[in-house]
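Keep the structure open as you read.

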Number of protein chains: 4
Amino acid sequence: MNFTPHNPEFASVVRASFERQGLMKMLGATLDRVEPGAVDISMPYSESLTQQHGFLHAAAITAIADSASGYAALSLMPVGSEVLTIEFKVNLLRPAAGTRFVAEGRVIKPGKTITVSRTDVFAHADDGVPTLIATLIATMIAQAGQKN
Amino acid sequence: MNFTPHNPEFASVVRASFERQGLMKMLGATLDRVEPGAVDISMPYSESLTQQHGFLHAAAITAIADSASGYAALSLMPVGSEVLTIEFKVNLLRPAAGTRFVAEGRVIKPGKTITVSRTDVFAHADDGVPTLIATLIATMIAQAGQKN
Amino acid sequence: MNFTPHNPEFASVVRASFERQGLMKMLGATLDRVEPGAVDISMPYSESLTQQHGFLHAAAITAIADSASGYAALSLMPVGSEVLTIEFKVNLLRPAAGTRFVAEGRVIKPGKTITVSRTDVFAHADDGVPTLIATLIATMIAQAGQKN
Amino acid sequence: MNFTPHNPEFASVVRASFERQGLMKMLGATLDRVEPGAVDISMPYSESLTQQHGFLHAAAITAIADSASGYAALSLMPVGSEVLTIEFKVNLLRPAAGTRFVAEGRVIKPGKTITVSRTDVFAHADDGVPTLIATLIATMIAQAGQKN
């Protein structure tokens, strides 16, 4: 889908908000793509974020997936909006085995108040094709009157 | 609901698995209650886990809620089982404002293969009554043949 | 939880909207309880609504559960509001075996724009205690400026 | 994604099960596409299935979406399997305005026990392009030892 952003400065709004998230820093996450309605966030494998079997913890995967959905939504919101997650559902499809994890957030329904986004998370390994390891769908609400 | 555990050692199984979760340590989370089908996990407020408005990050709340649901499920599983989250949905109802956060995981449908649990998360402040800030519902699967 | 309704006529608003739902009639559903933030809808077993094993179809259970959540939300909304379901998740816990099915909708977070409700559905049989067969959680939005 | 079915007779298994669903008949639903991991179900607009504003009722949309997800899953299951929905989440994105509604069910993760499917529902009108009105994600379980 092609979306026209309300805010021509949408990319810097998204980047500035991402920078303020201490948690993203702690995860080593980076903002790889910021387009209207489409935001990718990636994160390297890290031993300090594993669960008991040595795979990346689902909470880390969920955190970047929720953020990618939220920032995809924010990219289409009017100037001065802030985005809040009302709810999300995540399906954890396969173990998070890989060297890098990419959360691809895409808006599927923009709206003045409510935006719905979907994020697929892929595990990348040194060889071979990316594997879909999780999918998240989120409902976001725009809050007006905020300084971004 | 009153449940009879299959494994008389259920509490030590849950405690041992919790100890192996580096992420729970990083969040400062503790296991406050381990009964058949009911597990509470709590976590103090921490500045390093906030989002841009100074409230605790939703990812931290979600992480303890998912764990409380998972361990509530594990407490009812047969000897040698391991628990995996297939999917969950979380509703973020209010900002995570408080000094301490308690995730109360409760099994609502135990099963040989599939267990469904619900976790309510309450914010506690120095004064006043706890506030419901999030609710999570999760589908868990038992994996047999594991050493706990 | 005890809620104070904004609209003193909330019960007649809910009853009038329920009457306009042809689908509820088709299911033989009735509105059994209408209190602030709490609405129960029940439905008898009917052979014409079964799936292949003779149990009531999940779609019928889901329909009354969604309606109970929606009307519980509507009962707390301002005069002139209409309620729309944005999204819901349902867990189908046990087969819908019984003579009567009761969906108990309860608001867990009221709000000016967004309301979150939870509905548990119980199967009643001629003997014995009701069985929890499904649980649904829904996000509802209030639409202002409507004639109820 | 390209899937290889376990059961070479998958299409007739799906069609036979669909025929036994009285509810699908009541909705006027038809099975338009049955391929490995991909099942489309469509339904015409019908006045008897509307809600209070004249749009098709969300329960009808949800019913065909859940069925499309379930049959997409069943198409990849071993001989003798039956499919049960454990849980699903649906986002109702736009009013169901149109002359025909098509639910496109696609498996996103097949499995021996658990299958995850996603269904997008499109409204078709006499003119113009189809509109995405709802999206559903479902977790399905295979039950062995059944006669299909």
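Two residues are in contact here if their C-beta atoms, placed from the backbone, lie within 7 Å. This is a predicted model: local features need pLDDT of at least 70, side-chain atom pairs count only at pLDDT 80 or more, and totals for chains, interfaces and linings use all residues. Residues are numbered from 1 along each chain as its sequence is written, and chains are lettered from A and ligands numbered from 1 in the order in which they are written.

**Chain D against chain A**

- Helices (H or I, at least four residues) and strands (E, at least two) are DSSP runs, numbered from the N terminus.
- Ala, Val, Leu, Ile, Met, Phe, Trp, Tyr, Cys and Pro count as nonpolar; Asp, Glu, Lys and Arg count as charged; the others, Gly among them, count as polar.

- The same surface serves both copies, as 100% of the contact residues of chain D recur in chain A.

**Chain A against chain B**

- This contact takes 24 residues from chain A and 24 residues from chain B.
- On the chain A side, α2 (22-27), α3 (58-74) and β3 each supply at least two residues.
- β3(A) brings the largest share of that side, 8 residues.
- The chain A side divides into 9 nonpolar, 11 polar and 4 charged residues.

**The sheet shared by A and B**

- An open sheet of 12 strands runs β1(A)-β2(A)-β4(A)-β5(A)-β6(A)-β3(A)-β3(B)-β6(B)-β5(B)-β4(B)-β2(B)-β1(B), with antiparallel pairing. Two strands pair if DSSP finds at least two bridges between them.
- The edge strands are β1 (30-35) of chain A and β1 (30-35) of chain B, and each pairs on one side only.
- Strand β3 (residues 82-92) of chain A pairs with β3 (residues 82-92) of chain B in the antiparallel sense, over 5 bridges.
- Lys89(A) has Lys89(B) as its bridge partner in β3(B). Phe88(A) stands opposite Val90(B) in that strand.

**Helix α1 of chain D**

- Which residues are buried in helix α1 (residues 10-19) of chain D? They are Phe10(D), Val13(D), Val14(D), Ser17(D) and Phe18(D). A residue is buried if 20 or more other C-beta atoms lie within 10 Å of its own, exposed if 12 or fewer, and partly exposed in between.
- Seen down the axis of α1(D), its buried residues fall within an arc of 130°, so they line one face of the helix. The arc is that of the directions from the helix axis to the C-beta atoms.
- An α-helix has 3.6 residues a turn, so residues three or four places apart point the same way.
- Ser12(D), Arg15(D), Ala16(D) and Glu19(D) are exposed on the other side of α1(D).
- The cover over the buried residues of α1(D) includes α2 (22-27), β1 (30-35), β2 (38-44) and α3 (58-74) of chain D.
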